[in-house]
Structure formats: structure tokens, C-alpha cells
Amino acid sequence: MESTQKNYTLPIIMMVLLFGMISFVTNLAAPMGIVVKSQFDASNFLGMLGNFANFAAYAVMGIPAGKLLEKIGYKKTALLAIVVGFAGVGIQVLSGTAASFAVYILGAFVAGFSMCMLNTVVNPMLNTLGGGGKKGNQLIQIAGTFNSLMGTLVPILVGALVGEVAKANITDVYPVMYIAMGIFALVGIVLYFVSIPEPHIVKADTMLKDSKYSAWSFRHFVLGAVGIFIYVGVEVGVPGTLILFLADKSAGGVDATTAGFVGGTYWFLMLIGRFVGASIGGKVSSKTMLVAASGVGMLLVLAAIFMPTSTTVAMPIIQTDAVGAISVGTASVPINAMFLVLCGLCTSVMWGGIFNLAVEGLGRYVAAASGIFMMMVCGGGILPLVQNAIADNAGYMASYWVTFLGLAYLFYYALIGSKNVNTDIPVE
């Protein structure tokens, strides 16, 4: 048993690195909204279109990614995803050279294919290596900590590189894109030489057995898939819209660098929350975590909606200095921003909780379920797009009713919808 655990150490490390890559590339899309708004004189809706393109790829690739996982396994699926991701970010680099909004959207869409495939690999792998249940949740929370670290750095780096909103250009963000391409190349090379267990490769004859059942046959999984759609929309929409709000001179009225630092602080709090979640994940159930996180999140969003934006506070933020060192500073921002940044503590533990509750008891259907889950991640593109359409017409804070309703659903799922009522279905 000891040797088996030792052999799993390197695969776990690789999965954690891939989890970080997912966050780094995905979270590039939201702060890029400021850049494309400036360069192409776009609305909030169009500013979030790159984010939408990134997540729309999940709707297209989710189920095929699950099928790939079943047929060619974790390693080959991950390597293919890395190649696609490198190409996607490369296209975004070309969009800066061509000064083309359409090419940028194409690059975001291609990168989204990669993120979907990587997510399909990482989540069931970590859950499997952790043995499912509380230990599986704990391992996902540990990987989520690194995921949040990458999410923290991206908006900070973009904000620092852009500086003055009025002059923002895609070419300003080239260093961040080069870092992303470098991460893809490095992890791809290392992963090529790493041996990874392949518990979810399904043989053709096995796939034909009990064909009348599928992951869709489990009510708690279906409701959980809806939960992932909503959760990712909430997780992305909160900081994405917040950055646009703060950078809007007619609303928040701060510079792009400060807006990026505030957005980065949201992801930093997600890092803190996931670190705590990883520490207690072996003792506290996924259900308890999700109930508490969604409940507190609703209260924070309500406070943000109803507090006047004219009230400002000096909020601690994570920032970088002239030489790039990360430190803690303060920024004078509307009090609404502080409440929304605190939501990062709540959203931090939700992904692992929803995933583990939804796949509990699915057995041989886990790989296919993971692919379906990835399809539903497209909510990260759709809900923020809806939210920013509302922001354009009714105001930024009014748009956060979308977030509140999403958190209310997750509260329901944790309390009631996550119970497995289909235990009679064979899963071996």
C-alpha cells in the first residue's frame, strides 16, 4: 500500500499543475475584457465575449472529451489538450499583431477546447487518486489552492501591464500570453514522460453492458450538472463584472491597474478558502461545505446590491510593485466591491463539493459524467454574458441578482438535490 501511494505522488503533482494551467488561461479572458473594450470601443457585453467564447467551447467539447477519456485515457487526452491550448493562446497573440477582435475571439474559443479537455482529465483523476468521498474532496481542494494562485496572478499581471485604460492594447498583454504558452510547453514535456494510472479507460464490450443506463439516469448527477453550470457562471461573473465596474469611470472610477488588483484579490481569497478547505476537507463533508459557502455568499451579494456605491472603503488588496514583487496594499473602492471580493472565500470550495456530491455512487459512469460536467462549464461564459447585458441596461449592481439566484440554487442542491435516489442502478 505504501509503494502504491508513493507511485501516485508524481501523477498527483502533474494534475495539480494542470489545474493551475486551467485557471491561468481561463482567467485571462475576464481582465482582457478591459483591453478589448478600450482597443475596439466595445460595450460590456462585447468585452465579455472573449470569456463567452472560452466557455462556449465547453458546450461543444464536453461530451467528446469524456469519450476521449474513456477511449484513450488520461495521459493522451491531457497531451492533446496541451497542444490545442498552446495553439489557442498563440492565436490570441496573433490577434494583437493583426489588431483583430475576431481573431482574438477565435483564439479564446480554441483555448476553451483545451481547458475543457484538461478539466475532464483533472477532476476525476484527483477524485480517484483520493479514493472518492472526503479524501477525494480534500485532494481537489488542495489542487484548487494552486488553481486559485494562478487565478490571482493573471488579473494582477494584466492590470499592471495595461496601466492606463484609455491606451490598453492586446499587445500590452503579450508577456502574460508568453507565460501561458511556456507553461503549456513545460508541462507537456514533463507529462509525456510521466506514467499515469488509467482507471477509466472503458473497453468496447463493457460499454455495451447495461446500455439502458447512463450518468443521466442519476437525479443527483443531473441536478449537480446544472449546479456546475451555475457555479462557474457565478465564479467568473463576480470578479469579471466587478473589474468592468471598477474600471468604468462613470461608475467605479479607478484605473485599470487598481481594478486588476481588486479582481486578483478575489482570486487570492479563493486561494485562502481552498487552502482552508483542503485542511478540513478530510473531516467536513462536501454537503456541509456547500451549504455554508452558498448561504454566506447570498448574504454578501445582497449587501453588495443594496449598499450605495457612493460609500467607499479602504480595502486591502494584493498588488505588485515596480519590480514585480507581490505585496499587500490598500485601495479606496466602493463598499460593494469589498463584499463581492469576499465572495471569493465562498466560491473557493464549491467546485470540489459539487463535483464530489454529483459523482458519488456513479461507479463506472464517472468518466462519462466528467465529460458532461465539462459541457456544463459553459455556464461560465453564458451567465456572465447575461449579467453584463443586464449591467449595460440596468446597472452593475442590479446585474448581481443573477449571482444571487445562482447561489440560491446551489444552497438548494446542497441541502436536498444532492441525495442519491437511484441506488438501485448497477454501477460496477
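A search of the whole structure, which is a predicted model, finds five cavities of 30 Å³ or more, a cavity being a set of points on a 1 Å grid over the protein atoms alone where a 1.4 Å probe fits but cannot get out. The largest cavity holds about 210 Å³ of space, where a volume is the space filled by probe spheres set on the points, with grid points joined across faces, edges and corners. Its lining is made of 16 residues, of which I22, N119, N147, E235 and W351 are the closest to the centre; lining residues are those with an atom within 4 Å of a point. Two or more residues of this lining come from each of α2 (9–26), α5 (49–98), α10 and α11 (256–280), and α2 gives the most, with four residues. By class, the lining of the largest cavity has nine nonpolar, five polar and two charged residues, where Ala, Val, Leu, Ile, Met, Phe, Trp, Tyr, Cys and Pro count as nonpolar, Asp, Glu, Lys and Arg as charged, and the others, Gly among them, as polar.

Residues are numbered from 1 along each chain as its sequence is written. Because the model is predicted, local features need pLDDT of at least 70 and side-chain atom pairs count only at pLDDT 80 or more, whereas totals for chains, interfaces and linings use all residues, and side-chain values use heavy atoms, with hydrogens and water left out.

The second largest pocket, a pocket being an open set with protein on both sides within 12 Å along at least five of seven lines, contains about 180 Å³ of space. It is lined by 13 residues, and M289, A292, A293, L345 and V349 lie nearest its centre. The elements that give two or more residues to this lining are α11, α12 (286–306) and α13 (335–347), with the largest share, five residues, coming from α12.

Helices here are DSSP runs (H or I, at least four residues), numbered from the N terminus. Helix α10 (residues 219–247) packs with helix α14 (residues 350–359) at an angle of about 165 degrees, their axes lying 8 Å apart, which makes α10 roughly antiparallel to α14. Axes are lines fitted to C-alpha atoms, for helices over the stretch in contact, and angles run from 0 to 180 degrees between N-to-C directions; angles under 35 degrees count as roughly parallel, over 145 as roughly antiparallel, 65 to 115 as roughly perpendicular and the rest as oblique. In this contact (heavy atoms within 4.5 Å), H220, F221, G224, G227, I228, Y231 and V232 of α10 meet M350, W351, I354, L357 and A358 of α14, giving nine nonpolar, three polar and no charged residues by class.

Helix α17 (residues 401–417) meets α14 as well, the two axes coming within 11 Å and crossing at roughly 40 degrees, so that α14 is oblique to α17. Here M350, I354, L357 and A358 in α14 meet L407, L410 and Y413 in α17, a contact with seven nonpolar, no polar and no charged residues.

The axes of α12 and α17 come within 8 Å and cross at roughly 160 degrees, which makes α12 roughly antiparallel to α17. Among the residues in this contact are L290, V291 and M298 of α12 and F404, L407 and F411 of α17, and by class the contact has 16 nonpolar, four polar and one charged residues.
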